[in-house]
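Notebook open, structure loaded. I'm jotting things down as I look them up.

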Amino acid sequence: MKRDLAAKVLASTGLRDLLAFFQRPHGVLILNYHRIGDGSQSPYDRELWSASASTFDEQVAFLARHCDVISPADLDHALARPHGRHVMITFDDGYRDNYELAFPVLRAHKVPATFFVTTGFIDKPTLPWWDEIAALLRNTKVSALTMAPWFRTPLLIEPGDRSHPIRQTLEFYKTLPAHDNAAFLAQLRAESQVVAPDISRDHWMDWDMIREMHASGMTIGGHTVHHPVLARMPREQQLAEIAGCRARINAELGAEMGYFAYPVGGRDAFNADTWACLEDQGVRHAFSYYGGFATRASSKYDMPRVAIETSVGTDLFRAMTRLPGVFCRRAYT
């Protein structure tokens, strides 16, 4: 709310562009999207939609006019430069709307982007855990779920908007050790008394789409095989997820997996074992997801990204790109 108000004041007074002229950024702003389109009626996790197609077009047009939009191959060079307004556009997961809605916009404005794909969802389309959790809670007719021993108190499911219990459950799931994931989901299915819907055929991209984007200059990076929270797994399982993702990208594209994004991406979503696995697989840079502005001081395996969500209006988006040091600070909670 405070960021929105500040962005509006700076835009209406003309101070934003004046401050941007004197405050030249020294680094790279890395924007992260997930889905493009209208998710307001989706049975799945609605917070995954980052922008409508028209808003995304407006955002990319602004970046093309006012910034140097780069690929990750240019990242080290951009970070070494003393001045410049460098931006990277990234997408996570591999949803089909990335190809159908985002890719045409990027191509029309002649700007590159990076797509971090979860290869298991491309190979065998299945409903990811976050979309299943949202669908179960959105469709249940049960008023409360005990979910013992997972939850200390019952999860209340009230009529109408169910975003709070969905978000509460998703946040809890992210903290589970990987070996508890299947049991938690099984209990949620049983208590909700809902059969999760089959995914539609247009949930994920396919390899032909990904190859087309890669051939047109888009970068394809890794996002594991099954999208687990890596830090909740032992090292050998982390390596299997990272190496398996790399192998599939190489097999389908004939390209190495030089870049990787952590599933969930918070500070506790990766650890020293993750970094060792990335080093073993020859990854050049890995990207987190808790805000911040990349500089020369950033770790190569903790390149900060800023979330773009549907709540980011025009004034805030432009303030973020023009004054990233003020509007794109890292979250420390």
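**Cysteines**

I began with Cys277: its sulfur sits 13 Å from the closest cysteine sulfur, the one in Cys245, and that is too far for a bond. I keep in mind that this is a predicted model. The cut-off for a disulfide is 2.5 Å between sulfurs, and by that rule I count zero disulfides. Next I looked up accessibility for two cysteines. Cys277 is buried, at 1% relative accessibility. Cys67 also comes out as buried because its relative accessibility is 12%, and the limit for buried is under 20%.

I searched the whole structure for salt bridges and got 16. I then followed a few of them by hand.

I took Asp208 and Arg211 to start with. Their side chains meet in a salt bridge, 2.6 Å from N to O. Both residues are in helix H10 (residues 207-215), and being three residues apart there puts about one helical turn between them. Asp208 is exposed at 52% relative accessibility, while Arg211 is partly exposed at 31%.

Arg211 has another entry in my list: its side chain meets that of Glu252 in a salt bridge, with 2.5 Å from N to O. Arg211 is in helix H10 and Glu252 in helix H11, so this pair ties together parts that are 41 residues apart in sequence. I noted Glu252 as partly exposed, with a relative accessible area of 22%.

Which residue forms a salt bridge with Glu252 at 2.7 Å between the closest N and O atoms? I found Arg248 there. Arg248 and Glu252 are four residues apart in helix H11, so about one helical turn separates them. Arg248 is partly exposed at 24% relative accessibility.

I also wrote down a network of salt bridges that links Asp45, Glu47, Arg167, Glu171 and Lys174.

**Arg246**

I stayed in helix H11 (residues 235-253), where Arg246 lies. Arg246 is partly exposed, with a relative accessible area of 25%. Leaving out residues up to four places away in sequence, I see Arg246 touching Glu256, Met257 and Gln281. I checked one C-alpha distance as well: Arg246 to Val283 is 9.3 Å, for two residues 37 apart along the chain.

**Nonpolar cores**

The largest nonpolar core has 83 residues. Which of them have the most contacts inside the core? I get Tyr33, Phe56, Ile89, Leu106 and Phe260. Helix H7 (residues 129-139) gives this core its largest share, six residues. I also found a second, separate core of 13 residues, with Ile30, Phe116, Ala261 and Ala294 among them.

I picked Phe56 for its contacts. Beyond its neighbours within four places in sequence, Phe56 is in contact with Tyr33, Ile36, Ala51, Phe91, Ala102, Val105 and Leu106.

**Gln59**

Is Gln59 buried or exposed? I have Gln59 down as buried because its relative accessibility is 3%. Gln59 is found in helix H3 (residues 53-66). I looked for a polar partner, and a polar contact of 2.8 Å joins the side chains of Gln59 and Tyr33. Tyr33 is also one of the residues with the most contacts inside the largest nonpolar core. Setting aside neighbours within four places in sequence, my contact list for Gln59 reads Tyr33, Ala51, Ile308, Val312 and Phe317.

Notes: Residues numbered from 1 in each chain as written. Predicted model: local features only at pLDDT ≥ 70, side-chain atom pairs only at ≥ 80, totals over all residues. Heavy atoms only, no water. Helix = DSSP H or I, 4+ residues; strand = E, 2+ residues; numbered from the N terminus. Buried < 20%, exposed > 50% of the residue type's maximum accessible area, 1.4 Å probe, protein only. Polar contact = N/O pair within 3.5 Å; in protein donor to acceptor, adjacent residues only side chain to side chain. Contact = heavy atoms within 4.5 Å. Core = buried A, V, L, I, M, F, W, Y, C linked by side-chain atoms within 4.5 Å. Salt bridge = Lys/Arg side-chain N within 4 Å of Asp/Glu carboxyl O.
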